[in-house]
Amino acid sequence: MIPTRQEAERLLREAESCNPGPWGNHSRVAARCAEKIAEACEGMDPEKAYVLGLLHDIGRKFGVRHLGHVSDGYSYMMSLGYDEAARICLTHSFNNFDTDEYIGKFDTTDGELKLIRSELRKVVPDDYDRLIQLCDSLAGSEGVMNIEDRMNDVKRRYGRYPQPKWDSNLGLKAYFEEKVQKSIYDVTEKDTFRLPGSGRIMSLPLLYRAGQQGRFGTRTGFSWGSITDALFVYLDGEPEPESAAEVDARYRVRPLVCLTGAWKAYIEARYPGAKVYRRTQMKPANRFTLPETPAIPEGCRLAGMDGAAFGKHPFSHGINYPSWDAFRAEGSGAVVYRGSEIVASASSFLSLDGELELDVSTAEGCRGMHLATACVSRMLRDCMERGFTVHWDAQNDISRHLARKFGFEAETEYPVYWLPEKD
Ligand SMILES: [Fe+2]
């Protein structure tokens, strides 16, 4: 027997209030994956798959336990008469029906371990057991993850991932893909589905996306989130002890950007002394308002970013491109010379598949002379002609004002945190 969908949802909410954590949303993502896959499988009941996915970790209601959550969940569901859900609490952790392959701590009493072993022996695995095992290894707390990334995260945190379990997870994926004749990632809408209300507070910046794809900076994955060091340090997903410790140890004097409400709440509560700056993410655009190029002072000359200008890396512009050829192909920029010196520059900070991040700088002593406007105007004309989408992340009022002149609209205002060097 299993509860109805509504009852299962109520049980999860109640359990979450006893032991809040990312496991609740992980259960919701697992439930949705299970429902989607069951829908595509002949002879499976999507409603049942959903309910079983939702309740597989319900044992976490009783606190932070490792193997203990398995017996807690089993006993809890049995006490309510939901024997099918109880069985999933048990089987989801043991792909090969062997308690030795459990990766977390053996924190059960002898009685609990005995119960797990004896009940497990009675089970003849069916497709619902297999389905929830698979969905458990696909479900993050906000959306569907790459199964190997998720297993690698576990391996990194616990120092091991038993090969039989690794293989059986990949085997389960292949098993269901064979059944549905489609990629599991397509069926579960991995690339597009995000759990509603999972707390993202801004759309994903280009620098973050470049980091995510391994094309800029570095990224560390955790069970429930990630830290992406890509000029800014982007905190995504939910904080957990390992990622929080990493922030504390390595990112105290770096600009931190919280992509989710969970990280924002954590950083603000943990570091009340953090300095906060506000930036504005403008809406990315590929059409711009181009004002008449303003007159620039005598002795100054506006030019496109050519090989010679690029070679000078004015204000460090262009350093994220491996070569002038790469910049010429994917980037864009313009500079103002005064004599042979470059006194202003607008250029792409980096490029990602036809999108680029704009960076603009003016030499001190040359501000207020419309040099930035002239450079940006020239660069944006080039971007428009070449069909580039431009991202503009304004650090202050001046930059925001300039962006608006070219037709950019503000999308999100967001805080950047600098943690105190020591508590
Ligand atoms: Fe789980």
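In the predicted model, strand β3, which spans residues 232-237, is mostly covered, with five of its six residues buried. On one side of the description stands its pairing with strand β2 (residues 225-230), to which β3 is joined by six bridges in an antiparallel arrangement. Within this pairing, glycine 225 has glycine 237 of β3 as its bridge partner. The hairpin formed by β2 and β3 has one residue between the strands, and leucine 231 in this hairpin adopts a positive phi near 70 degrees.

Strand β3 also pairs with strand β4 (residues 256-258), here in the parallel sense and over three bridges, and the bridge partner of tyrosine 234 in β4 is valine 257. Together with helix α12, which comprises residues 241-250, the strands β3 and β4 make up a β-α-β unit that is right-handed.

A further set of pairings involves strand β7 (residues 333-338), which runs antiparallel to strand β6 (residues 300-304) and is joined to β6 by five bridges; in this pairing, leucine 302 is found opposite valine 336 of β7. Strand β7 pairs as well with strand β8 (residues 341-352), again in the antiparallel sense, through six bridges, and valine 335 has serine 345 of β8 as its bridge partner. The hairpin of β7 and β8 has two residues between the strands, and glycine 339 in this hairpin takes a positive phi near 65 degrees.

How values were computed
Residues are numbered from 1 along each chain as its sequence is written. This is a predicted model: local features need pLDDT of at least 70, side-chain atom pairs count only at pLDDT 80 or more; totals for chains, interfaces and linings use all residues. A residue is buried if 20 or more other C-beta atoms lie within 10 Å of its own, exposed if 12 or fewer, and partly exposed in between; C-beta atoms are placed from the backbone. Helices (H or I, at least four residues) and strands (E, at least two) are DSSP runs, numbered from the N terminus. Two strands pair if DSSP finds at least two bridges between them. A crossover is right-handed if, with the strands pointing away from the viewer, the path from the first strand over the helix to the second runs clockwise.
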